[in-house]
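This report describes one protein chain for a reader who is new to structural models. Please keep the sequence and the structure in view while reading.

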Amino acid sequence: MGGFLQQYLLIVIRHLVSKIFFLPLSPHSCSGFSSFMHPLRFQPLFQRYLWGGSRLSTVLGKPSGPDSCAESWEIADHHQFQSIVQGGPHDGKSLAELMHSSGNDIVGPETFKAIHDSHVPESLRGRFPLLLKFLDANQNLSVQVHPDDKGAAHLPTPDLGKTEFWYVIHADPGAKIYAGLKAGVSAVDFRAAVEQGHVRETLHSFEPQAGDGIFIPAGTVHAIGAGLLIAEIQQASNTTFRVYDWDRVDSDGKPRPLHIEQAVRAIDFSMCPVTPVRRNNHRQANSENLVECDKFRICRWTSEEQPVDVEIGNDESFHVLMVTRGSIRVAGEPALLGQTVLLPACLKSTQVELLPGSEFLQIFLPAPTTSRTIS
Ligand SMILES: [Zn+2]
């Protein structure tokens with residue numbers, strides 16, 4: 001008991017010292033005495049843009065109100081928008097506060113090191129690395145591109161690059177995704193198309209279906225078309241270069257600004273047109289890797305007639321769970337369609353139960369040295 005008290009006091013003192021001197025905790029502070037013994041849930045942050053609809057409320061059950069709502073930011077640690085914890089011992093705290101006091105406990109030692117690395121623009125160090133949203137496109141989103149980390153670090157206001165991934169929850173018949181340029185479109189061709197108002201002819205497009213995953217690396221021209229409800233996983237960046245806005249004007253009759261020069265610099269013209277990761281209906285396993293890149297990894301878990309129990313974690317990484325069909329139970333607590341749960345790295349292993357006919361995305365950044373199997 002004396003040993004326990006001594007250890008506990010040391011941890012308290014270390015937390016106090018880090019707070020007083022405004023220092024991040026050491027990457028090895030994960031102690032087993034963390035206050036993150038439960039999954040974290042956050043209040044959704046609603047964003048209203050011209051192109052939003054009502055599906056965040058009618059399909060996902062969000063309290064977003066009757067007006068058109070474009071996005072529900074589920075987890076965000078951004079200078080303008082902060083996720084606020086909903087319920088539990090940290091109720092009311094912002095994600096930035098938690099990342100400052102206990103970043104290592106939340107994201108795990110490898111990610112903690114990476115987000116404090118000198119390559120990360122100073123103003124962004126220590127932030128939660130991903131931004132997770134649900135998005136309802138009632139109209140087309142603008143055609144746009146995001147820079148990569150290198151390009152974004154050299155902007156007047158340095159930012160992270162933005163690689164993103166879309167998971168289609170619902171697609172109206174005929175809805176379109178625009179992802180990448182058609183094969184062979186060069187910078188010269190693209191610039192000419194912009195000048196002549198023919199951008200849409202240069203874009204590769206396809207009609208997605210529910211269950212498709214679409215990987216959009218930084219440097220890929222893209223647009224989400226009207227009629228799609230999507231879960232979006234992306235780097236926590238807010239830099240977008242708009243190329244084409246479908247000849248729309250805002251409520252004042254003015255077109256939104258375009259960023260052609262920055263966009264042409266950011267586009268990777270060597271990139272192939274993007275094709276979706278499509279559900280394999282003959283697959284027997286309950287899980288499927290949708291994407292693995294250096295920014296995030298995403299796995300889809302599904303159950304059909306029978307409930308399925310899985311254990312998530314124990315790999316020194318945080319895990320985010322986004323429910324995209326039916327409902328699941330996370331450490332005994334229900335999580336419904338459209339809800340998102342963050343499992344801090346210090347939680348170790350968490351029991352997740354998929355009720356029949358349900359599905360969720362598991363988003364994580366495993367330590368590079370950790371060997372793991374998912375199936
Ligand atoms: Zn985008």
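## A partly exposed asparagine

N314 is partly exposed, because 13 other C-beta atoms lie within 10 Å of its own. In this report a residue is buried if 20 or more other C-beta atoms lie within 10 Å of its own, exposed if 12 or fewer, and partly exposed in between, with C-beta atoms placed from the backbone. N314 belongs to the loop between strand 14 (308–313) and strand 15 (319–325). Its phi is positive, at about 65 degrees, although N314 is not a glycine.

The loop between strand 14 and strand 15 also holds E316. E316 is another residue other than glycine with a positive phi, in this case near 60 degrees. Is E316 buried or exposed? It counts as buried, because it has 21 C-beta neighbours inside 10 Å.

## The model and its confidence

This is a predicted model, in which local features need pLDDT of at least 70 and side-chain atom pairs count only at pLDDT 80 or more, while totals for chains, interfaces and linings use all residues. Residues are numbered from 1 along each chain as its sequence is written. The term pLDDT denotes the predictor's confidence in each residue, from 0 to 100. The protein chain averages a pLDDT of 88, and 88% of the residues score at least 70.

Two residues are in contact if their C-beta atoms, placed from the backbone, lie within 7 Å. Where pLDDT is low, the predicted coordinates should not be read in detail.

## The chain as a whole

The protein chain has eight helices and 20 strands. Helices (H or I, at least four residues) and strands (E, at least two) are DSSP runs, numbered from the N terminus. Of the 375 residues in the chain, 42% are buried. Among contacts between residues at least 6 apart in sequence, 75% join residues at least 24 apart.

Helix 6 (residues 187–196) lies largely in the open, because one of its 10 residues is buried. G197, which follows helix 6, has a positive phi near 75 degrees.

## Two antiparallel sheets

Strands of a sheet pair through backbone hydrogen bonds, either parallel or antiparallel. Here two strands are said to pair if DSSP finds at least two bridges between them. Strand 14 and strand 19 (residues 349–354) are joined by six bridges, and V308 stands opposite L354 in strand 19. Strand 16 (residues 327–330) and strand 17 (residues 333–336) pair over four bridges, with R329 opposite P334 in strand 17. These two strands form a hairpin with two residues between them, and A331 in the turn has a positive phi of about 50 degrees.

Another open sheet has five strands in the order 12-13-20-15-18, also with antiparallel pairing. Strand 12 (287–292) and strand 18 (340–343) are the edge strands. The twist here averages 20 degrees from one strand to the next. Six bridges join strand 15 to strand 20 (residues 359–364), and H319 stands opposite F364 in strand 20.

## The nonpolar core

A nonpolar core is a set of buried Ala, Val, Leu, Ile, Met, Phe, Trp, Tyr and Cys residues joined through C-beta atoms within 7 Å. Which residues of the largest nonpolar core touch the most other members? Of its 84 residues, they are I75, I230 and L321. This core lies between domain 1 (45–266) and domain 2 (287–364), because both give residues to it. The domain bounds come from an automatic or database domain assignment.

I75 is found in strand 2 (residues 71–75) and counts as buried, because it has 25 C-beta neighbours inside 10 Å. Leaving aside neighbours within four places in sequence, the contacts of I75 include F42, L95, F128 and V320. I75 and K133 are 58 residues apart in sequence, yet their C-alpha atoms are 7.2 Å apart in space. With residues up to four places away not counted, L321 touches V330, A335, V352 and F360, among others.

Terms used
Axes fitted to C-alpha atoms, helices over the stretch in contact; angles between N-to-C directions.
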